[in-house]
Amino acid sequence: MHTWSWENLCALPQSLLTLSDQDGEPAGRILLSEYIHALLNGIEHRYAAGWRFFQQHPQMLQDFSEPEVSRNDILQAIPERLFAPLLWVFIGGAKTGTGLHQDVLHTHAWLAVLQGGKRVALHAPADFEADFAQRQQQARAVLQSGTEQDGWLYFFLQAGDILLIPAGWWHVVENTAPTLALTRNFALPEQRAQIYASAQEQSLTRILPWLASEVCV
């Protein structure tokens with residue numbers, strides 16, 4: 001939390017971020033330092049979601065240790081040339097965030113807030129296909145009220161908090177202020193069959209041999 005201050009992030013050389021608008025659509029690219037300055041001055045309202053910081057600054061991986069819950073992550077055995085690690089930084093101002101979704105490949109995730117704060121609405125796995133818009137409205141109502149309702153759980157995360165999001169759980173996330181967060185999606189050995197099926201469904205054929213058995217080849 002100390003090392004990844006706004007000031008220190010601004011000092012990183014030539015770091016490019018890809019931005020999205022409120023609908024999650026691509027909204028341009030910008031230097032990290034320029035983005036943070038605009039964000040802290042209240043003139044930047046786009047969201048920097050999914051910055052794979054380690055590709056430009058691998059030394060930043062030394063600034064934190066893996067939470068115990070994800071230390072047996074089977075996805076980290078897959079060579080990076082075949083499958084980019086599901087490790088991201090998210091940066092955005094108040095009211096930015098991610099809409100209703102389940103995480104990629106039916107993975108678990110941990111979400112660590114380093115600066116700022118986040119509201120999170122979580123719902124256990126369920127079929128939302130028939131009433132997705134209604135479910136999204138419910139989640140937004142939970143975020144606005146800060147109360148649990150209609151099967152939704154509510155969490156308010158401050159700097160220093162880490163939240164575990166179980167595989168298959170629906171969630172919506174909204175920043176309450178200029179916020180910096182680190183998250184990893186991960187899969188445990190007992191999930192191997194489900195992860196394999198999800199990868200196969202998404203035509204990620206290159207990684208299937210690494211998920212097929214206890215011993216990777």
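Let me start with Ala133: at 53% relative accessibility, Ala133 counts as exposed. The cut-offs are these: buried is under 20% relative accessible area, exposed is over 50%, and partly exposed is in between, with a 1.4 Å probe and protein chains only. Ala133 sits in helix H3, residues 132–145.

A word on the model. This is a predicted model, where local features need pLDDT of at least 70, side-chain atom pairs count only at pLDDT 80 or more, and totals for chains, interfaces and linings use all residues. Residues are numbered from 1 along each chain as its sequence is written, and side-chain values use heavy atoms, with hydrogens and water left out.

Now the whole chain. It has five helices and 11 strands. Those are DSSP runs numbered from the N terminus: helices are H or I with at least four residues, strands are E with at least two. The C-alpha atoms fill a box of roughly 50 × 45 × 30 Å, taken along the principal axes. How does the radius of gyration fit, and what would a compact globule have? For 217 residues a compact globule would be near 17 Å, and the chain has 18 Å, which agrees. That radius is taken over C-alpha atoms, and the globule rule is 2.2 Å times the number of residues to the power 0.38.

Buried residues make up 46% of the 217. Contact means heavy atoms within 4.5 Å. Of the contacts with a separation of 6 or more, 77% come from residues 24 or more positions apart.

On to the aromatics. Rings of Phe, Tyr and Trp (its six-membered ring) pair if their centres lie within 6.5 Å; planes under 30 degrees apart are stacked, over 60 edge-to-face, and the rest tilted. The count by this rule is nine aromatic pairs. One of them is Trp4 with Phe53, edge-to-face, at 5.2 Å centre to centre and 70 degrees between the planes. This pair links distant parts of the chain, 49 residues apart. Trp4 lies in the segment before helix H1 (6–10), and Phe53 in the loop between strand E3 (48–51) and strand E4 (87–92).

Phe64 is partly exposed, with a relative accessible area of 22%. Which residues make up the cluster? Trp4, Trp51, Phe53, Phe54 and Phe64 form one aromatic cluster.

Last stop, Leu86. This residue is found in the loop between E3 and E4. Leu86 is buried, with a relative accessible area of 7%. What does Leu86 touch, not counting residues up to four places away in sequence? The answer is Arg52, Leu75, Val104, Thr107, Thr183, Arg184 and Asn185.
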